[in-house]
Amino acid sequence: MDNTKNNAGLKAKVQKLGSYLSSMVMPNIGAFIAWGVLTALFIPDGYFPNEDFAGIVGPMLSYLLPILIGYTGGKMVHGDRGAVVGAIATVGAIVGSDVTMFIGAMVMGPLGGWLIKKFDERFQDKIPSGFEMLVNNFSSGLIGFALALIAFVVVGPVVASLTSMIGVGVEALVQAGLLPLANILIEPAKVLFLNNALNHGIFTPLGSEQVAEAGKSILYLLETNPGPGLGVLLAFMFLGKGSAKGSAPGAAIIHFLGGIHEIYFPYVMMKPLLFLAVIAGGMTGTFVFSLFDAGLTGAASPGSIVAITAMTAQGSHLGVYAGVIASAIVSFLIAGVIIKSDRKAGVDDAFEEQVAATQAAKASSKGQSTDVEALSDSAPAFEEIDQIIFACDAGMGSSAMGASLLRKKVKSQGIDIKVTNSAINNLKDDSKTLVITQEELTNRARKQSPSSTHLSVENFLDGDRYDEILNDMYKKSDEPVVANEPVVEASSVGPVDYSAVKQVFVAYDGKVGASTMAASQLRNQFTKNGINVPVEAKDINDLSNDSSNLVIATPEVGEKVRQQYANVMVDTYDKLLNESHYNQLIEYFK
(Lines give C-alpha, C1' and ligand atoms only; values in the text may rest on other atoms or scores of the structure.)
Protein backbone atom coordinates (compact mmCIF):
# COMPACT_ATOMS: atom_id res chain seq x y z
CA MET A 1 0.00 0.00 0.00
CA ASP A 2 2.80 2.38 0.89
CA ASN A 3 4.64 1.47 -2.30
CA THR A 4 1.51 2.28 -4.31
CA LYS A 5 1.21 5.68 -2.67
CA ASN A 6 4.91 6.34 -3.18
CA ASN A 7 4.69 5.38 -6.85
CA ALA A 8 1.66 7.60 -7.34
CA GLY A 9 3.40 10.47 -5.59
CA LEU A 10 6.55 10.00 -7.68
CA LYS A 11 4.51 9.92 -10.90
CA ALA A 12 2.69 13.10 -9.93
CA LYS A 13 5.99 14.85 -9.20
CA VAL A 14 7.48 13.74 -12.51
CA GLN A 15 4.36 14.88 -14.36
CA LYS A 16 4.36 18.23 -12.61
CA LEU A 17 8.05 18.79 -13.36
CA GLY A 18 7.54 17.83 -16.99
CA SER A 19 4.56 20.15 -17.31
CA TYR A 20 6.59 22.99 -15.78
CA LEU A 21 9.50 22.49 -18.18
CA SER A 22 7.26 22.30 -21.23
CA SER A 23 5.39 25.43 -20.10
CA MET A 24 8.59 27.40 -20.57
CA VAL A 25 8.94 26.23 -24.17
CA MET A 26 5.37 26.09 -25.47
CA PRO A 27 4.65 29.86 -25.40
CA ASN A 28 7.77 30.30 -27.55
CA ILE A 29 7.05 27.62 -30.14
CA GLY A 30 6.48 30.33 -32.74
CA ALA A 31 10.11 31.38 -32.35
CA PHE A 32 11.26 27.76 -32.76
CA ILE A 33 9.17 27.46 -35.91
CA ALA A 34 10.61 30.72 -37.30
CA TRP A 35 14.10 29.41 -36.63
CA GLY A 36 13.21 26.06 -38.21
CA VAL A 37 11.92 27.74 -41.37
CA LEU A 38 15.08 29.87 -41.63
CA THR A 39 17.16 26.73 -41.24
CA ALA A 40 15.16 24.77 -43.82
CA LEU A 41 15.39 27.52 -46.42
CA PHE A 42 18.76 29.20 -46.13
CA ILE A 43 21.48 26.94 -44.68
CA PRO A 44 23.84 25.37 -47.27
CA ASP A 45 21.70 22.20 -47.41
CA GLY A 46 18.39 24.13 -47.46
CA TYR A 47 15.88 24.73 -50.24
CA PHE A 48 17.28 28.19 -51.11
CA PRO A 49 20.83 28.45 -49.75
CA ASN A 50 21.70 32.04 -48.83
CA GLU A 51 24.81 32.87 -46.87
CA ASP A 52 23.50 36.23 -45.63
CA PHE A 53 20.14 34.97 -44.41
CA ALA A 54 21.75 31.84 -42.95
CA GLY A 55 23.70 34.18 -40.67
CA ILE A 56 20.48 34.69 -38.67
CA VAL A 57 20.22 30.99 -37.80
CA GLY A 58 23.13 30.78 -35.36
CA PRO A 59 22.32 33.84 -33.21
CA MET A 60 18.65 32.84 -32.98
CA LEU A 61 19.63 29.39 -31.73
CA SER A 62 22.37 30.52 -29.37
CA TYR A 63 20.78 33.67 -27.95
CA LEU A 64 17.14 34.35 -28.85
CA LEU A 65 15.62 30.96 -28.06
CA PRO A 66 17.37 30.36 -24.68
CA ILE A 67 16.68 33.96 -23.57
CA LEU A 68 13.00 33.56 -24.45
CA ILE A 69 12.85 30.35 -22.40
CA GLY A 70 14.61 31.99 -19.44
CA TYR A 71 12.34 35.04 -19.71
CA THR A 72 9.22 32.85 -19.75
CA GLY A 73 10.47 30.74 -16.82
CA GLY A 74 11.06 33.84 -14.72
CA LYS A 75 7.70 35.30 -15.68
CA MET A 76 5.90 32.11 -14.62
CA VAL A 77 7.33 32.58 -11.13
CA HIS A 78 7.10 36.34 -10.59
CA GLY A 79 5.62 38.22 -13.52
CA ASP A 80 7.56 40.87 -15.42
CA ARG A 81 10.21 41.38 -12.72
CA GLY A 82 10.89 37.66 -12.61
CA ALA A 83 11.06 37.58 -16.41
CA VAL A 84 13.73 40.30 -16.55
CA VAL A 85 15.93 38.70 -13.89
CA GLY A 86 15.48 35.27 -15.49
CA ALA A 87 16.59 36.62 -18.87
CA ILE A 88 19.67 38.33 -17.37
CA ALA A 89 20.69 35.13 -15.57
CA THR A 90 20.21 33.10 -18.76
CA VAL A 91 22.68 35.29 -20.66
CA GLY A 92 25.37 34.34 -18.15
CA ALA A 93 24.76 30.65 -18.85
CA ILE A 94 24.78 31.24 -22.62
CA VAL A 95 28.12 33.06 -22.63
CA GLY A 96 29.65 30.57 -20.21
CA SER A 97 29.26 27.64 -22.59
CA ASP A 98 29.67 26.72 -26.25
CA VAL A 99 26.49 24.59 -26.40
CA THR A 100 22.95 25.79 -26.88
CA MET A 101 21.74 26.66 -23.39
CA PHE A 102 18.11 25.47 -23.34
CA ILE A 103 18.56 23.44 -20.17
CA GLY A 104 20.51 26.26 -18.53
CA ALA A 105 17.66 28.63 -19.38
CA MET A 106 15.17 26.24 -17.79
CA VAL A 107 17.25 26.39 -14.60
CA MET A 108 18.22 30.04 -14.46
CA GLY A 109 14.90 31.53 -15.60
CA PRO A 110 12.76 30.14 -12.74
CA LEU A 111 15.64 30.62 -10.29
CA GLY A 112 15.87 34.31 -11.16
CA GLY A 113 12.10 34.69 -10.82
CA TRP A 114 12.11 32.93 -7.45
CA LEU A 115 14.92 35.05 -5.99
CA ILE A 116 13.37 38.38 -6.98
CA LYS A 117 10.02 37.15 -5.69
CA LYS A 118 11.57 36.36 -2.29
CA PHE A 119 13.27 39.76 -2.23
CA ASP A 120 9.96 41.52 -2.91
CA GLU A 121 8.16 39.51 -0.24
CA ARG A 122 10.77 40.44 2.33
CA PHE A 123 11.45 44.10 1.53
CA GLN A 124 8.50 45.48 -0.45
CA ASP A 125 6.69 46.80 2.62
CA LYS A 126 9.88 48.34 4.04
CA ILE A 127 10.74 50.60 1.11
CA PRO A 128 10.48 54.31 2.07
CA SER A 129 7.84 56.25 0.20
CA GLY A 130 9.21 57.75 -3.01
CA PHE A 131 12.05 55.21 -3.34
CA GLU A 132 9.97 52.35 -4.81
CA MET A 133 11.20 52.71 -8.40
CA LEU A 134 14.80 53.12 -7.33
CA VAL A 135 14.76 50.02 -5.13
CA ASN A 136 12.81 47.92 -7.64
CA ASN A 137 15.13 48.72 -10.53
CA PHE A 138 18.36 48.24 -8.60
CA SER A 139 17.18 45.05 -6.86
CA SER A 140 16.31 43.33 -10.13
CA GLY A 141 19.50 44.61 -11.77
CA LEU A 142 21.83 43.51 -8.96
CA ILE A 143 20.20 40.11 -8.45
CA GLY A 144 20.32 39.53 -12.21
CA PHE A 145 24.00 40.62 -12.24
CA ALA A 146 24.91 38.14 -9.49
CA LEU A 147 23.03 35.29 -11.11
CA ALA A 148 24.64 36.00 -14.49
CA LEU A 149 28.10 35.62 -12.93
CA ILE A 150 27.12 32.41 -11.14
CA ALA A 151 25.60 31.02 -14.34
CA PHE A 152 28.74 31.92 -16.31
CA VAL A 153 31.09 30.19 -13.86
CA VAL A 154 28.98 27.20 -12.75
CA VAL A 155 25.75 26.56 -14.66
CA GLY A 156 27.07 26.98 -18.20
CA PRO A 157 29.95 24.48 -17.90
CA VAL A 158 27.89 21.94 -15.94
CA VAL A 159 24.99 22.03 -18.40
CA ALA A 160 27.43 21.82 -21.30
CA SER A 161 28.84 18.60 -19.86
CA LEU A 162 25.38 17.11 -19.30
CA THR A 163 24.20 18.08 -22.77
CA SER A 164 27.29 16.54 -24.31
CA MET A 165 26.70 13.28 -22.43
CA ILE A 166 23.05 13.12 -23.48
CA GLY A 167 23.96 13.94 -27.07
CA VAL A 168 26.56 11.18 -27.13
CA GLY A 169 23.99 8.73 -25.76
CA VAL A 170 21.39 9.66 -28.37
CA GLU A 171 23.96 9.50 -31.15
CA ALA A 172 25.03 6.04 -29.94
CA LEU A 173 21.43 4.83 -30.11
CA VAL A 174 21.09 6.21 -33.63
CA GLN A 175 24.35 4.69 -34.83
CA ALA A 176 23.48 1.31 -33.30
CA GLY A 177 20.02 1.37 -34.88
CA LEU A 178 18.41 1.15 -31.43
CA LEU A 179 16.50 4.44 -31.48
CA PRO A 180 13.15 2.65 -32.01
CA LEU A 181 13.55 1.20 -28.51
CA ALA A 182 12.97 4.69 -27.15
CA ASN A 183 9.29 4.31 -28.10
CA ILE A 184 8.90 1.65 -25.41
CA LEU A 185 9.08 4.55 -22.97
CA ILE A 186 7.74 7.37 -25.14
CA GLU A 187 4.31 5.95 -26.02
CA PRO A 188 3.20 5.01 -22.47
CA ALA A 189 4.61 8.30 -21.17
CA LYS A 190 2.50 10.20 -23.72
CA VAL A 191 -0.70 8.53 -22.52
CA LEU A 192 0.23 9.50 -18.97
CA PHE A 193 0.28 13.15 -20.12
CA LEU A 194 4.03 13.51 -20.32
CA ASN A 195 3.71 14.25 -24.05
CA ASN A 196 4.48 17.96 -23.80
CA ALA A 197 7.24 17.32 -21.30
CA LEU A 198 8.89 14.85 -23.68
CA ASN A 199 8.46 16.90 -26.82
CA HIS A 200 9.21 20.40 -25.58
CA GLY A 201 11.23 19.63 -22.47
CA ILE A 202 13.61 17.05 -23.97
CA PHE A 203 13.37 16.47 -27.72
CA THR A 204 13.07 20.12 -28.80
CA PRO A 205 16.34 21.20 -27.13
CA LEU A 206 18.23 18.09 -28.30
CA GLY A 207 16.73 18.30 -31.77
CA SER A 208 17.81 21.92 -32.09
CA GLU A 209 21.40 20.85 -31.48
CA GLN A 210 21.16 18.25 -34.24
CA VAL A 211 19.58 20.71 -36.68
CA ALA A 212 22.39 23.17 -36.06
CA GLU A 213 24.88 20.47 -37.06
CA ALA A 214 23.05 18.42 -39.69
CA GLY A 215 20.16 20.61 -40.85
CA LYS A 216 17.49 18.21 -39.57
CA SER A 217 16.66 15.97 -36.62
CA ILE A 218 14.73 12.73 -36.22
CA LEU A 219 14.13 13.57 -32.56
CA TYR A 220 11.37 15.99 -33.53
CA LEU A 221 9.41 13.00 -34.88
CA LEU A 222 9.63 10.65 -31.90
CA GLU A 223 6.77 12.13 -29.84
CA THR A 224 4.85 14.04 -32.51
CA ASN A 225 4.30 11.07 -34.86
CA PRO A 226 0.47 10.87 -35.13
CA GLY A 227 0.54 7.39 -36.67
CA PRO A 228 0.21 5.21 -33.52
CA GLY A 229 -2.77 7.16 -32.19
CA LEU A 230 -4.41 7.25 -35.62
CA GLY A 231 -4.15 3.46 -35.90
CA VAL A 232 -5.92 2.95 -32.56
CA LEU A 233 -8.72 5.36 -33.47
CA LEU A 234 -9.22 3.72 -36.86
CA ALA A 235 -9.45 0.35 -35.14
CA PHE A 236 -12.23 1.64 -32.88
CA MET A 237 -13.92 3.28 -35.86
CA PHE A 238 -14.18 -0.01 -37.79
CA LEU A 239 -14.18 -2.63 -35.05
CA GLY A 240 -15.33 -0.92 -31.85
CA LYS A 241 -18.85 -0.44 -30.55
CA GLY A 242 -20.95 1.96 -28.52
CA SER A 243 -19.82 5.50 -27.80
CA ALA A 244 -16.16 4.56 -28.39
CA LYS A 245 -16.98 3.60 -31.99
CA GLY A 246 -19.26 6.60 -32.52
CA SER A 247 -16.74 9.15 -31.26
CA ALA A 248 -13.67 7.64 -32.96
CA PRO A 249 -14.11 9.28 -36.43
CA GLY A 250 -14.26 12.80 -35.01
CA ALA A 251 -11.40 12.03 -32.64
CA ALA A 252 -9.29 10.75 -35.56
CA ILE A 253 -9.77 14.00 -37.49
CA ILE A 254 -8.92 16.16 -34.47
CA HIS A 255 -5.90 13.99 -33.67
CA PHE A 256 -4.43 13.64 -37.16
CA LEU A 257 -5.23 17.05 -38.66
CA GLY A 258 -5.59 19.15 -35.51
CA GLY A 259 -2.63 17.60 -33.71
CA ILE A 260 -4.42 17.19 -30.35
CA HIS A 261 -2.99 13.81 -29.31
CA GLU A 262 -4.67 13.83 -25.88
CA ILE A 263 -7.95 12.91 -27.54
CA TYR A 264 -6.91 9.29 -28.13
CA PHE A 265 -5.56 8.67 -24.63
CA PRO A 266 -8.90 7.44 -23.14
CA TYR A 267 -9.19 4.82 -25.89
CA VAL A 268 -5.82 3.35 -24.92
CA MET A 269 -6.47 3.55 -21.18
CA MET A 270 -9.77 1.71 -21.66
CA LYS A 271 -7.86 -1.40 -22.76
CA PRO A 272 -4.33 -1.51 -21.31
CA LEU A 273 -3.32 -4.07 -23.96
CA LEU A 274 -3.58 -1.24 -26.48
CA PHE A 275 -0.31 0.07 -25.08
CA LEU A 276 1.23 -2.73 -27.15
CA ALA A 277 -0.39 -1.28 -30.26
CA VAL A 278 0.92 2.26 -29.81
CA ILE A 279 4.37 1.02 -28.72
CA ALA A 280 4.67 -1.22 -31.77
CA GLY A 281 3.36 1.54 -34.01
CA GLY A 282 5.81 4.06 -32.55
CA MET A 283 8.76 1.69 -32.92
CA THR A 284 7.79 0.96 -36.52
CA GLY A 285 7.54 4.64 -37.35
CA THR A 286 10.91 5.45 -35.78
CA PHE A 287 12.53 2.52 -37.61
CA VAL A 288 11.19 3.78 -40.95
CA PHE A 289 12.27 7.36 -40.17
CA SER A 290 15.78 6.04 -39.44
CA LEU A 291 15.77 3.88 -42.55
CA PHE A 292 15.02 6.89 -44.76
CA ASP A 293 17.25 9.22 -42.69
CA ALA A 294 14.21 11.49 -42.33
CA GLY A 295 13.98 14.47 -40.05
CA LEU A 296 12.40 17.84 -39.37
CA THR A 297 14.05 21.24 -39.34
CA GLY A 298 12.13 22.44 -36.28
CA ALA A 299 9.58 21.51 -33.66
CA ALA A 300 6.17 20.48 -35.06
CA SER A 301 3.58 21.86 -32.67
CA PRO A 302 0.89 20.71 -32.41
CA GLY A 303 1.61 17.16 -33.57
CA SER A 304 -0.51 17.52 -36.70
CA ILE A 305 0.40 16.03 -40.07
CA VAL A 306 0.04 19.59 -41.39
CA ALA A 307 2.63 20.97 -38.95
CA ILE A 308 4.91 17.98 -39.53
CA THR A 309 4.73 18.51 -43.30
CA ALA A 310 5.58 22.18 -42.92
CA MET A 311 8.69 21.42 -40.85
CA THR A 312 9.94 18.43 -42.89
CA ALA A 313 13.49 18.86 -44.16
CA GLN A 314 14.25 18.88 -47.88
CA GLY A 315 14.38 15.33 -49.20
CA SER A 316 12.68 13.84 -46.09
CA HIS A 317 9.02 13.99 -47.13
CA LEU A 318 8.89 10.42 -48.44
CA GLY A 319 10.51 9.05 -45.29
CA VAL A 320 8.28 11.09 -42.97
CA TYR A 321 5.06 10.03 -44.71
CA ALA A 322 6.22 6.41 -44.94
CA GLY A 323 6.98 6.35 -41.21
CA VAL A 324 3.62 7.86 -40.25
CA ILE A 325 1.68 5.48 -42.52
CA ALA A 326 3.66 2.42 -41.39
CA SER A 327 3.15 3.25 -37.71
CA ALA A 328 -0.58 3.75 -38.27
CA ILE A 329 -0.92 0.41 -40.09
CA VAL A 330 0.94 -1.57 -37.41
CA SER A 331 -0.98 0.16 -34.61
CA PHE A 332 -4.28 -0.47 -36.42
CA LEU A 333 -3.59 -4.18 -36.97
CA ILE A 334 -2.57 -4.88 -33.38
CA ALA A 335 -5.35 -2.74 -31.92
CA GLY A 336 -7.85 -4.44 -34.23
CA VAL A 337 -6.90 -7.88 -32.92
CA ILE A 338 -7.18 -6.69 -29.31
CA ILE A 339 -10.56 -5.01 -29.83
CA LYS A 340 -11.95 -7.88 -31.91
CA SER A 341 -11.00 -10.45 -29.27
CA ASP A 342 -12.76 -8.49 -26.51
CA ARG A 343 -16.45 -8.22 -27.41
CA LYS A 344 -17.71 -8.68 -23.89
CA ALA A 345 -20.41 -6.42 -22.45
CA GLY A 346 -19.42 -3.35 -20.55
CA VAL A 347 -16.82 -2.09 -22.99
CA ASP A 348 -18.88 1.02 -23.68
CA ASP A 349 -19.13 1.77 -19.97
CA ALA A 350 -15.41 1.24 -19.68
CA PHE A 351 -14.83 3.93 -22.28
CA GLU A 352 -16.86 6.45 -20.29
CA GLU A 353 -14.99 5.50 -17.14
CA GLN A 354 -11.65 5.95 -18.85
CA VAL A 355 -12.61 9.37 -20.18
CA ALA A 356 -13.08 10.35 -16.55
CA ALA A 357 -9.86 8.59 -15.59
CA THR A 358 -8.01 10.45 -18.34
CA GLN A 359 -9.30 13.76 -17.02
CA ALA A 360 -8.06 12.80 -13.57
CA ALA A 361 -4.66 11.89 -15.01
CA LYS A 362 -4.52 15.21 -16.83
CA ALA A 363 -5.30 16.99 -13.56
CA SER A 364 -2.52 15.07 -11.86
CA SER A 365 -0.08 15.95 -14.64
CA LYS A 366 -0.79 19.62 -14.03
CA GLY A 367 -0.36 19.38 -10.28
CA GLN A 368 -4.07 19.48 -9.52
CA SER A 369 -5.79 17.51 -6.77
CA THR A 370 -8.79 15.60 -8.07
CA ASP A 371 -10.41 15.43 -4.64
CA VAL A 372 -10.68 19.24 -4.39
CA GLU A 373 -14.15 20.33 -5.39
CA ALA A 374 -14.04 22.78 -8.28
CA LEU A 375 -17.14 24.87 -7.74
CA SER A 376 -18.51 26.90 -10.62
CA ASP A 377 -19.95 30.35 -10.18
CA SER A 378 -23.40 31.05 -11.54
CA ALA A 379 -23.51 32.22 -15.14
CA PRO A 380 -23.42 36.03 -15.44
CA ALA A 381 -25.68 38.22 -17.55
CA PHE A 382 -24.19 39.37 -20.84
CA GLU A 383 -24.11 42.94 -19.54
CA GLU A 384 -21.80 41.91 -16.68
CA ILE A 385 -18.85 40.74 -18.82
CA ASP A 386 -16.66 42.03 -21.63
CA GLN A 387 -15.09 38.77 -22.75
CA ILE A 388 -15.12 34.98 -22.36
CA ILE A 389 -11.78 33.20 -21.99
CA PHE A 390 -11.23 29.45 -22.29
CA ALA A 391 -8.23 28.60 -20.13
CA CYS A 392 -6.08 25.50 -19.91
CA ASP A 393 -2.54 24.72 -18.85
CA ALA A 394 -0.84 25.85 -22.05
CA GLY A 395 -3.58 27.97 -23.61
CA MET A 396 -3.51 25.87 -26.78
CA GLY A 397 -5.06 22.62 -27.96
CA SER A 398 -8.34 21.76 -26.29
CA SER A 399 -9.05 25.27 -24.97
CA ALA A 400 -8.59 26.70 -28.46
CA MET A 401 -11.14 24.20 -29.80
CA GLY A 402 -13.59 25.07 -27.03
CA ALA A 403 -13.21 28.79 -27.74
CA SER A 404 -13.76 28.17 -31.45
CA LEU A 405 -16.92 26.16 -30.77
CA LEU A 406 -18.46 28.81 -28.48
CA ARG A 407 -17.33 31.63 -30.79
CA LYS A 408 -19.36 30.08 -33.60
CA LYS A 409 -22.38 29.75 -31.35
CA VAL A 410 -22.36 33.36 -30.17
CA LYS A 411 -21.74 34.59 -33.71
CA SER A 412 -24.67 32.59 -35.09
CA GLN A 413 -26.91 34.09 -32.39
CA GLY A 414 -25.83 37.66 -33.09
CA ILE A 415 -24.09 38.13 -29.73
CA ASP A 416 -21.34 40.75 -29.73
CA ILE A 417 -18.84 39.39 -27.21
CA LYS A 418 -15.16 38.46 -27.48
CA VAL A 419 -14.30 34.75 -27.04
CA THR A 420 -10.61 33.80 -26.75
CA ASN A 421 -8.34 31.16 -25.19
CA SER A 422 -5.39 31.56 -22.83
CA ALA A 423 -2.99 29.75 -20.53
CA ILE A 424 -4.14 29.85 -16.92
CA ASN A 425 -0.89 31.52 -15.87
CA ASN A 426 -1.64 34.40 -18.26
CA LEU A 427 -5.12 35.18 -16.92
CA LYS A 428 -5.65 38.71 -15.62
CA ASP A 429 -7.74 39.39 -12.52
CA ASP A 430 -10.66 41.10 -14.26
CA SER A 431 -14.18 41.19 -12.86
CA LYS A 432 -15.57 41.68 -16.39
CA THR A 433 -14.22 38.34 -17.63
CA LEU A 434 -15.93 34.94 -17.71
CA VAL A 435 -13.34 32.14 -17.50
CA ILE A 436 -14.30 28.65 -18.66
CA THR A 437 -12.05 25.75 -17.65
CA GLN A 438 -12.19 22.02 -17.36
CA GLU A 439 -13.40 20.96 -13.92
CA GLU A 440 -10.01 19.85 -12.64
CA LEU A 441 -8.46 23.25 -13.42
CA THR A 442 -11.19 25.57 -12.10
CA ASN A 443 -9.65 26.03 -8.65
CA ARG A 444 -6.29 26.91 -10.14
CA ALA A 445 -7.87 29.43 -12.53
CA ARG A 446 -9.84 30.93 -9.64
CA LYS A 447 -6.61 31.54 -7.71
CA GLN A 448 -5.08 33.24 -10.75
CA SER A 449 -8.06 35.54 -11.36
CA PRO A 450 -10.25 35.59 -8.23
CA SER A 451 -12.39 38.53 -9.38
CA SER A 452 -13.48 36.83 -12.61
CA THR A 453 -16.52 34.61 -12.99
CA HIS A 454 -15.53 30.94 -13.35
CA LEU A 455 -17.53 28.17 -15.00
CA SER A 456 -16.50 24.52 -15.33
CA VAL A 457 -16.98 22.05 -18.16
CA GLU A 458 -16.14 18.38 -18.29
CA ASN A 459 -15.18 18.49 -21.96
CA PHE A 460 -14.21 21.52 -24.05
CA LEU A 461 -16.07 20.00 -27.02
CA ASP A 462 -19.41 19.65 -25.20
CA GLY A 463 -21.70 21.85 -27.30
CA ASP A 464 -24.73 21.09 -25.12
CA ARG A 465 -22.94 22.53 -22.10
CA TYR A 466 -22.30 25.78 -23.97
CA ASP A 467 -25.97 25.99 -24.95
CA GLU A 468 -26.81 25.61 -21.28
CA ILE A 469 -24.38 28.39 -20.31
CA LEU A 470 -25.75 30.74 -22.96
CA ASN A 471 -29.30 29.94 -21.87
CA ASP A 472 -28.46 30.84 -18.27
CA MET A 473 -26.80 34.07 -19.41
CA TYR A 474 -29.85 35.01 -21.47
CA LYS A 475 -32.13 34.50 -18.50
CA LYS A 476 -30.05 36.92 -16.43
CA SER A 477 -29.77 39.56 -19.13
CA ASP A 478 -31.92 42.69 -19.08
CA GLU A 479 -35.51 41.75 -19.92
CA PRO A 480 -38.76 43.49 -18.91
CA VAL A 481 -40.62 41.70 -16.12
CA VAL A 482 -44.40 41.96 -15.87
CA ALA A 483 -46.14 40.76 -12.74
CA ASN A 484 -49.32 39.71 -14.53
CA GLU A 485 -49.94 36.36 -16.17
CA PRO A 486 -48.70 35.91 -19.74
CA VAL A 487 -50.83 37.92 -22.15
CA VAL A 488 -52.05 36.61 -25.49
CA GLU A 489 -53.31 39.71 -27.22
CA ALA A 490 -54.79 40.15 -30.69
CA SER A 491 -53.49 42.66 -33.18
CA SER A 492 -55.55 45.62 -34.29
CA VAL A 493 -57.13 43.68 -37.18
CA GLY A 494 -58.96 41.17 -35.01
CA PRO A 495 -58.49 37.90 -33.05
CA VAL A 496 -55.36 35.80 -33.63
CA ASP A 497 -56.07 33.06 -36.15
CA TYR A 498 -53.34 30.48 -35.56
CA SER A 499 -54.47 28.38 -38.51
CA ALA A 500 -53.44 31.24 -40.80
CA VAL A 501 -49.92 31.56 -39.37
CA LYS A 502 -47.16 30.63 -41.82
CA GLN A 503 -44.17 32.09 -39.97
CA VAL A 504 -43.35 32.85 -36.31
CA PHE A 505 -40.88 35.57 -35.39
CA VAL A 506 -39.45 36.20 -31.92
CA ALA A 507 -38.84 39.93 -32.09
CA TYR A 508 -36.18 42.09 -30.47
CA ASP A 509 -35.50 45.80 -30.62
CA GLY A 510 -31.84 46.42 -31.46
CA LYS A 511 -30.45 44.19 -28.69
CA VAL A 512 -30.77 40.46 -29.29
CA GLY A 513 -31.30 39.64 -25.60
CA ALA A 514 -33.17 36.37 -25.07
CA SER A 515 -34.92 36.27 -28.43
CA THR A 516 -32.48 33.94 -30.19
CA MET A 517 -32.54 31.35 -27.43
CA ALA A 518 -36.32 31.67 -27.12
CA ALA A 519 -36.68 31.07 -30.87
CA SER A 520 -34.50 27.97 -30.55
CA GLN A 521 -36.58 26.66 -27.64
CA LEU A 522 -39.88 27.27 -29.43
CA ARG A 523 -38.54 25.71 -32.62
CA ASN A 524 -37.60 22.56 -30.69
CA GLN A 525 -41.04 22.41 -29.05
CA PHE A 526 -42.74 22.79 -32.42
CA THR A 527 -40.63 19.95 -33.82
CA LYS A 528 -41.43 17.65 -30.87
CA ASN A 529 -45.16 18.33 -31.32
CA GLY A 530 -45.16 17.90 -35.09
CA ILE A 531 -45.88 21.58 -35.82
CA ASN A 532 -44.39 22.47 -39.20
CA VAL A 533 -44.11 26.26 -38.79
CA PRO A 534 -40.74 28.07 -39.14
CA VAL A 535 -39.53 30.02 -36.10
CA GLU A 536 -36.91 32.76 -36.36
CA ALA A 537 -35.53 35.59 -34.19
CA LYS A 538 -35.63 38.97 -35.96
CA ASP A 539 -35.17 42.67 -35.26
CA ILE A 540 -38.49 44.56 -35.33
CA ASN A 541 -37.16 46.80 -38.09
CA ASP A 542 -36.67 43.77 -40.34
CA LEU A 543 -40.21 42.38 -39.98
CA SER A 544 -42.76 42.59 -42.80
CA ASN A 545 -46.38 43.73 -42.46
CA ASP A 546 -47.76 40.32 -43.40
CA SER A 547 -50.99 39.04 -41.84
CA SER A 548 -49.65 35.47 -41.89
CA ASN A 549 -46.82 36.40 -39.51
CA LEU A 550 -47.11 35.79 -35.78
CA VAL A 551 -44.73 37.92 -33.72
CA ILE A 552 -43.77 36.86 -30.20
CA ALA A 553 -42.23 39.53 -27.99
CA THR A 554 -42.05 41.03 -24.53
CA PRO A 555 -44.89 43.49 -23.80
CA GLU A 556 -42.61 46.48 -24.40
CA VAL A 557 -41.34 45.24 -27.77
CA GLY A 558 -44.78 43.91 -28.70
CA GLU A 559 -46.30 47.39 -28.35
CA LYS A 560 -43.71 48.79 -30.75
CA VAL A 561 -44.49 46.00 -33.23
CA ARG A 562 -48.20 46.86 -33.17
CA GLN A 563 -47.47 50.51 -33.78
CA GLN A 564 -45.15 49.74 -36.67
CA TYR A 565 -47.01 46.83 -38.34
CA ALA A 566 -50.80 46.99 -38.50
CA ASN A 567 -51.45 43.56 -40.02
CA VAL A 568 -49.22 41.18 -38.07
CA MET A 569 -50.48 39.08 -35.18
CA VAL A 570 -48.75 39.63 -31.83
CA ASP A 571 -48.43 37.46 -28.70
CA THR A 572 -46.65 38.98 -25.71
CA TYR A 573 -45.00 37.14 -22.82
CA ASP A 574 -43.37 38.47 -19.68
CA LYS A 575 -40.42 36.06 -19.89
CA LEU A 576 -39.39 34.76 -23.31
CA LEU A 577 -37.30 31.92 -21.90
CA ASN A 578 -40.05 30.39 -19.75
CA GLU A 579 -40.97 27.39 -21.90
CA SER A 580 -44.20 26.77 -19.97
CA HIS A 581 -45.53 30.05 -21.40
CA TYR A 582 -45.69 28.44 -24.81
CA ASN A 583 -47.81 25.44 -23.81
CA GLN A 584 -51.10 27.19 -24.63
CA LEU A 585 -49.66 28.48 -27.90
CA ILE A 586 -48.64 24.96 -28.89
CA GLU A 587 -52.12 23.67 -28.10
CA TYR A 588 -53.61 26.35 -30.37
CA PHE A 589 -51.36 25.26 -33.23
CA LYS A 590 -52.08 21.58 -32.66
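Helix α9 is largely enclosed by the rest of the structure, because 10 of its 13 residues are buried. The structure is a predicted model. The buried residues of α9 are G227, P228, G229, L230, G231, V232, L233, A235, F236 and L239. The end C-alpha atoms of α9 lie 18 Å apart, which agrees with the 18 Å that its 13 residues should span at 1.5 Å a residue.

F238 also belongs to α9, which covers residues 227–239. The model contains 4 aromatic pairs. One of these is formed by F238 and F332, whose rings are edge-to-face, with 6.4 Å from centre to centre and 90 degrees between the planes. F332 lies in helix α14 (residues 317–340), so the pair ties together parts that are 94 residues apart in sequence. F332 counts as partly exposed, at 27% relative accessibility.

A kink of about 145 degrees is present in α4, with its centre on H78.

Leaving aside residues up to four places away in sequence, K75 touches D80, G82 and A83. The C-alpha atoms of K75 and G86 are 7.8 Å apart in space, while the two residues are separated by 11 residues in sequence. T90 is likewise placed in α4. T90 is buried, with a relative accessible area of 0%. Its contacts, again without residues up to four places away in sequence, are with P66, I67, G70, A105, M108 and G109.

The largest nonpolar core has 44 residues, and the members that touch the most other members are I436, V504 and F589. For F589, the residues touched are Y498, V501, V504, F526, I531, V533 and L550, with residues up to four places away in sequence not counted. Another core lies apart from the largest one and has 39 residues, including I186, F203, L221 and F289.

For the protein chain as a whole, 21 helices and 8 strands were assigned. The chain has 590 residues, of which 51% count as buried. The accessible surface of the chain comes to about 26,800 Å², and carbon and sulfur atoms account for 60% of this area. Among the contacts with a separation of 6 or more, 72% are between residues 24 or more positions apart.

Technical notes:
Residues are numbered from 1 along each chain as its sequence is written. This is a predicted model: local features need pLDDT of at least 70, side-chain atom pairs count only at pLDDT 80 or more; totals for chains, interfaces and linings use all residues. Side-chain values use heavy atoms; hydrogens and water are left out. Helices (H or I, at least four residues) and strands (E, at least two) are DSSP runs, numbered from the N terminus. Buried means under 20% relative accessible area, exposed over 50%, partly exposed in between (1.4 Å probe, protein chains only). Contact means heavy atoms within 4.5 Å. Accessible areas come from the Shrake-Rupley method with a 1.4 Å probe; for residues, only the protein chains shown count as cover. Rings of Phe, Tyr and Trp (its six-membered ring) pair if their centres lie within 6.5 Å; planes under 30 degrees apart count as stacked, over 60 as edge-to-face and the rest as tilted. A nonpolar core is a set of buried Ala, Val, Leu, Ile, Met, Phe, Trp, Tyr and Cys residues joined through side-chain atoms within 4.5 Å. The bend at a residue is the angle between axes fitted to the seven residues ending there and the seven starting there. The expected span of a helix is 1.5 Å times one less than its number of residues.
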